[in-house]
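Subject: Structure for your review

Dear colleague,

I am handing over the structure below, followed by my notes on what was found in it. Please read the notes with the structure open beside them.

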Amino acid sequence: MDRPLLGSEFVTLTRRLVLSGVAALAAAPAAAGTRPTVRVTKDPHCGCCNGWVDHLRAAGFDVEAVDSADLNRVKARLGVPQALASCHTAEVAGYVVEGHVPAGAIERLLAEKPAARGLAVPGMPIGSPGMEVEGAEPDTYEVILFGPSGRSVFARYRGAAPV
Ligand SMILES: [Cu+2]
C-alpha cells in the first residue's frame, strides 16, 4: 500500500479534501448563529420595555421590536393568562415570553424546549432586567412556565441573578 499515488488517485483525493473543506465552511455559520429572533410587542412609550429589549440585545439576542397601542389584544391572542400579564409580550421560537424575563431563563427555555406556551414574569418586579431602579433593593421574583397543562415555577431570580 506504500506505492506512490497515481495521478488520478491524487486528483480524487484532493477533490475530496477540498469538498469536505467547503462543506465544513458552509456548515460553520449556521451552527454559530442558531439563536432565533425575539419579536417584542410593546407600547411605544414604555421605557422599561425598551430597557428589556436592551438587556436581550446585550445578551446576544436579535430583537425585533414592534409598537402596539393594544397590548391586551396581543396578550389574548397569544394566550397570556391575565394573572401573569406584564407590560410587553414577546415571541421566540414558538414560545411566548411575557414581561421582564431574564435572558438566561429564555436561553434555558430554548435549550430545554418544555411542552408549554411560554414564560412569564407577572407584573414588573423592581430590579428585573429593564426594571432597575437606582438605589432600590431588587425584588426576588419567579419566572413562571405556563401552558395548557398548568403553571410551574421555572426559575427564581433576585434582580438579574438566579437564586
Ligand atoms: Cu415593564
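**Tyr95 and its surroundings**

Once its neighbours within four places in sequence are left aside, Tyr95 is in contact (heavy atoms within 4.5 Å) with Ala90, Leu109, Leu110, Lys113, Pro114, Ala116, Arg117 and Gly118. Before going further, please note that this is a predicted model, in which local features need pLDDT of at least 70 and side-chain atom pairs count only at pLDDT 80 or more, while totals for chains, interfaces and linings use all residues. Residues are numbered from 1 along each chain as its sequence is written, and side-chain values use heavy atoms, with hydrogens and water left out.

Tyr95 sits in strand β4, where helices (H or I, at least four residues) and strands (E, at least two) are DSSP runs numbered from the N terminus. With a relative accessibility of 10%, Tyr95 counts as buried; here buried means under 20% relative accessible area, exposed means over 50%, and partly exposed lies in between, with a 1.4 Å probe and protein chains only. The C-alpha atoms of Tyr95 and Leu110 are 8.8 Å apart in space, although the two are 15 residues apart in sequence.

Among the contacts of Tyr95 is Pro114, whose place is in the loop between α4 and β5. Pro114 also counts as buried, at 19% relative accessibility, and, leaving aside its neighbours within four places in sequence, Pro114 is in contact with Tyr95, Leu109 and Leu145. From the C-alpha atom of Pro114 to that of Gly147, 33 residues away along the chain, the separation is 9.9 Å.

**Overall layout**

The protein has four helices and eight strands, which follow one another along the sequence as α-β-α-β-α-β-β-α-β-β-β-β. Of its 163 residues, 37% are buried. Among contacts with a separation of 6 or more, 53% are between residues 24 or more positions apart. The protein exposes about 9400 Å², of which carbon and sulfur atoms supply 57%; accessible areas come from the Shrake-Rupley method with a 1.4 Å probe, and for residues only the protein chains shown count as cover.

In helix α4, which spans residues 103-112, the buried residues include Ala103, Ala105, Ile106, Leu109 and Leu110. These cover an arc of only 160° around the axis (the arc of the directions from the helix axis to the C-beta atoms), which puts them on the same side of α4. The elements covering them include α2 (47-58), β3 (89-92), β4 (95-99), β5 (118-121), β6 (140-147) and β7 (150-158). Just after α4, Lys113 takes a positive phi of about 45°.

Helix α3, residues 71-78, has Leu71, Val74, Lys75 and Leu78 as its buried residues, and they cover an arc of only 100° around the axis, which puts them on the same side of α3. The face turned away from that buried side carries the exposed residues Asn72, Arg73, Ala76 and Arg77. Cover for the buried residues of α3 includes β1 (38-42), β3 and β4. Just after α3, Gly79 takes a positive phi of about 80°.

**The copper site**

The protein donors of the copper ion are Cys48 (SG), Cys87 (SG), His100 (NE2) and Met124 (SD), at 2.1 to 2.5 Å from the ion. Donors are N, O and S atoms within 2.8 Å of the metal (3.2 Å for Na, K and Ca), and water is not among the atoms, so sites may look incomplete. The angles among the four donor atoms are 94 to 132°, and the site is tetrahedral, a label given to four donors if all angles lie between 85 and 135 degrees. Because His100 lies in the loop between β4 and α4 and Met124 in the loop between β5 and β6, the pair ties together parts that are 24 residues apart in sequence. His100 is buried at 0% relative accessibility, whereas Met124 is partly exposed with a relative accessible area of 42%.

**The aromatic pair**

A search of the whole structure finds one aromatic pair, for which ring centres of Phe, Tyr and Trp (its six-membered ring) must lie within 6.5 Å, with planes under 30 degrees apart counting as stacked, over 60 as edge-to-face and the rest as tilted. Tyr141 and Tyr157 form this stacked pair, at 6.2 Å centre to centre and 20° between the planes. The pair links Tyr141 in strand β6 with Tyr157 in strand β7, 16 residues apart.

Note on methods:
Four donors count as tetrahedral if all angles lie between 85 and 135 degrees; four count as square planar and six as octahedral if opposite donors are over 155 degrees apart and all others between 65 and 115; anything else is irregular.
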